[in-house]
Amino acid sequence: EKDKAAAAAAAKPALEHEYTIVVCHMNVIRYFVCRALQMPPEFWLRFRGDNCGITEIVVHPSGRCSLSHFADTGHLPIEMHTFH
């Protein structure tokens, strides 16, 4: 049984993509963006984002990170855009 389970697991294709979703305050997001892009953490003060924005950091197989989206609110109707 153990060998069959191991063989079945090995036969599954490797994940091509993995997603981690973090829901948090903009200050935390700005800090994570700075760290991912190897910027000094105090640079977080230079970023501004609206509430409910989506930020996407892509981690490449080499370990290099790139910022794909920052505080994107395109999924919200304009009357729901807020900033605090």
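1. A cut-off to start with: buried means under 20% relative accessible area, exposed means over 50%, and partly exposed covers what falls in between. His81 has a relative accessibility of 27%, so this residue counts as partly exposed. Please keep in mind throughout that this is a predicted model.

2. Now the overall layout. The chain has 2 helices and 2 strands, and from the N terminus on these elements run α-α-β-β. Of its 84 residues, 13% count as buried. Looking at contacts between residues at least 6 apart in sequence, you will find that 32% join residues at least 24 apart.

3. Back to His81, which sits in the segment after S2. Which residues does His81 touch, not counting those up to four places away in sequence? They are Asp50, Thr73 and Leu76. His81 and Asp50 are 31 residues apart in sequence, and their C-alpha atoms are 6.8 Å apart in space.

4. Thr73 belongs to the segment after S2 too. With 10% relative accessibility, Thr73 is under the 20% cut-off and therefore counts as buried. Leaving out residues up to four places away in sequence, Thr73 touches Asp50, Asn51, Cys52, Gly53 and His81.

5. The structure holds 1 salt bridge; Arg48 forms a salt bridge with Asp50, and the closest N and O atoms are 3.1 Å apart. Are the two partners buried or exposed? Arg48 counts as exposed, because its relative accessibility is 52%, while Asp50 is buried, because its relative accessible area is 17%.

6. Arg30 deserves a look of its own. This residue is found in helix H2, and it is buried yet has no salt bridge. The nearest side chain of opposite charge is Asp50, 10 Å away. A salt bridge needs a side-chain nitrogen of Lys or Arg within 4 Å of a carboxyl oxygen of Asp or Glu. What is Arg30 in contact with, leaving aside its neighbours within four places in sequence? Trp44, Phe47 and Phe70.

7. Phe43 lies in the loop between H2 and S1, and its relative accessibility is 23%, so it counts as partly exposed. Along the chain, Phe43 and Arg30 are 13 residues apart, and 8.4 Å separates their C-alpha atoms.

8. Two backbone angles may interest you. Phi of Cys52 is near 65°, a positive value in a residue other than glycine. Cys52 is found in the loop between H2 and S1, and is exposed because its relative accessible area is 58%. Ala71 has a phi near 50°, again a positive value in a residue other than glycine. Ala71 has its place in strand S2, residues 65-72, and counts as buried because its relative accessibility is 11%.

9. Next, the strands. Glu56 is found in strand S1 and, at 30% relative accessibility, counts as partly exposed. Leaving aside neighbours within four places in sequence, Glu56 is in contact with Ser66, Leu67, Ser68 and His69. Glu56 and Ala71 are 15 residues apart in sequence, with 8.6 Å between their C-alpha atoms.

10. How much space lies in the largest pocket? About 1,200 Å³. Its lining is made up of 34 residues, and the closest to its centre are Thr20, Val22, Thr55, Glu56 and Ile57. Helix H2 (26-36) and strand S1 (54-59) are the elements that give two or more residues to this lining. By class, the lining has 18 nonpolar, 10 polar and 6 charged residues.

Technical notes
Residues are numbered from 1 along each chain as its sequence is written. This is a predicted model: local features need pLDDT of at least 70, side-chain atom pairs count only at pLDDT 80 or more; totals for chains, interfaces and linings use all residues. Side-chain values use heavy atoms; hydrogens and water are left out. On a 1 Å grid over the protein atoms alone, a cavity is a set of points where a 1.4 Å probe fits but cannot get out, and a pocket is an open set with protein on both sides within 12 Å along at least five of seven lines; lining residues have an atom within 4 Å of a point. Grid points are joined across faces, edges and corners, and a volume is the space filled by probe spheres set on the points. Helices (H or I, at least four residues) and strands (E, at least two) are DSSP runs, numbered from the N terminus. Ala, Val, Leu, Ile, Met, Phe, Trp, Tyr, Cys and Pro count as nonpolar, Asp, Glu, Lys and Arg as charged, and the others, Gly among them, as polar. Buried means under 20% relative accessible area, exposed over 50%, partly exposed in between (1.4 Å probe, protein chains only). Lys and Arg count as positive and Asp and Glu as negative; His and the chain ends are not counted. Contact means heavy atoms within 4.5 Å.
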